[in-house]
Amino acid sequence: MIEARHLRVLRAVATTGSFSAAARELGCTQPAVSQQMKALETTTGTPLLIRTGREMRLTQAGEALVRHASGILAGLTAAEEEVAAIAGLRAGRVRLVSFPSGSSSLVPGALAALRAAHPGTRVSLVEAEPPRSVEMLRDGDCDIALAFRYGVTGGEWDDLVVRPLLRDRLIGLVPEGHRLAGADAVGIGELADEPWIAGCPRCRRQLVEVCEDSGFTPRIDFATDDYPAVIGLVGAGLGVAVLPELALESVRPKGARTVTVEPAVEREIVALTLPDLARVPAVAATLDQLSLAAAR
């Protein structure tokens, strides 16, 4: 019978490309990794790795086992957490990944409320933009992914549990002395001749699509994933931008003015998890608190 600890080792070796790197990731020794890989190959009755000099690659059997490992390990984690809760341990662990503006706006209130209600539940947080955050969820590297999308892409998240949180409108940002700084609403076509400052790659693609729908291609002079940097560049008079409303909640737009942009463009903010993990009490409680934080 294949053991879960051996699957974790195999996945680490496949991800890192070597026994030594896998040992560092798992917090054990290289001989221990080598021994567990030998034990797994003995159990399966076939080689899982091919070693050629310093390089290492998976055999066909190894690739198949790695492909199934994430789902198996996620199912085991779900089982362990659910059994622990049923046994009355009142403990749990949730690994959360979020995009930056979600981390600064939705996450703090949700995690504070979760800690007050369930002090035994531990939550870790790392940041990643979709689609990377969604890949991390599918690979078993997190339990909940806070993500967003513009429009609905058929089949994009059909294998996941999707908890809708809110609709986040894009807001225009212009320098304080800009000719449109005092306008109630601005048609995006009115900014056609302006230099632009763009955000994350997904937001950048959306900006180009919206502008092209309005008859022009934006001249993007600067691009950065750091929203405070976008605001700083606009405030310095170096261009205009559109940012999600969430991104402006925790940053004071010094030297810049917000304007309503028409036509309205919104992104859907969601929390994603795997079906097995959705039944884990700690994960379910975290999803509930994210929903409450989004409703405030």
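**Group meeting: a helix pair and a strand neighbourhood**

H1 passes H2 in a right-handed crossing; a crossing is right-handed if the near helix is turned clockwise from the far one by less than a right angle, and left-handed if anticlockwise. What you see is a predicted model, where local features need pLDDT of at least 70, side-chain atom pairs count only at pLDDT 80 or more, and totals for chains, interfaces and linings use all residues. Residues are numbered from 1 along each chain as its sequence is written, and side-chain values use heavy atoms, with hydrogens and water left out.

Back to the helices. H1 covers residues 4-16 and H2 residues 19-26, and their axes come within 8 Å and cross at roughly 120°. Helices (H or I, at least four residues) and strands (E, at least two) are DSSP runs, numbered from the N terminus. Axes here are lines fitted to C-alpha atoms, for helices over the stretch in contact, with angles from 0 to 180 degrees between N-to-C directions. H1 and H2 are therefore oblique to each other; under 35 degrees would count as roughly parallel, over 145 as roughly antiparallel, 65 to 115 as roughly perpendicular, and the rest is oblique.

Which residues meet? From H1 they are Arg8, Val9, Ala12, Val13 and Thr16, and from H2 Phe19, Ala21, Ala22, Glu25 and Leu26, with contact meaning heavy atoms within 4.5 Å. That set divides into 7 nonpolar, 1 polar and 2 charged. Ala, Val, Leu, Ile, Met, Phe, Trp, Tyr, Cys and Pro count as nonpolar, Asp, Glu, Lys and Arg as charged, and the others, Gly among them, as polar.

Now the strands. Buried means under 20% relative accessible area, exposed over 50%, partly exposed in between (1.4 Å probe, protein chains only). One side of S5 carries Ile144, Leu146 and Phe148, the other Ala145, Ala147 and Arg149, and both faces are covered.

S5 pairs with S3 (residues 92-98) in the parallel sense over 2 bridges; two strands pair if DSSP finds at least two bridges between them. Val97 is opposite Ala145 there. With S12, residues 266-273, S5 pairs in the antiparallel sense over 5 bridges. Ala145 stands opposite Leu272, and Leu146 opposite Ala271.

S12 itself has 7 of its 8 residues buried. S12 also pairs with S6 (residues 161-175), antiparallel, over 8 bridges, and Val161 stands opposite Thr273.
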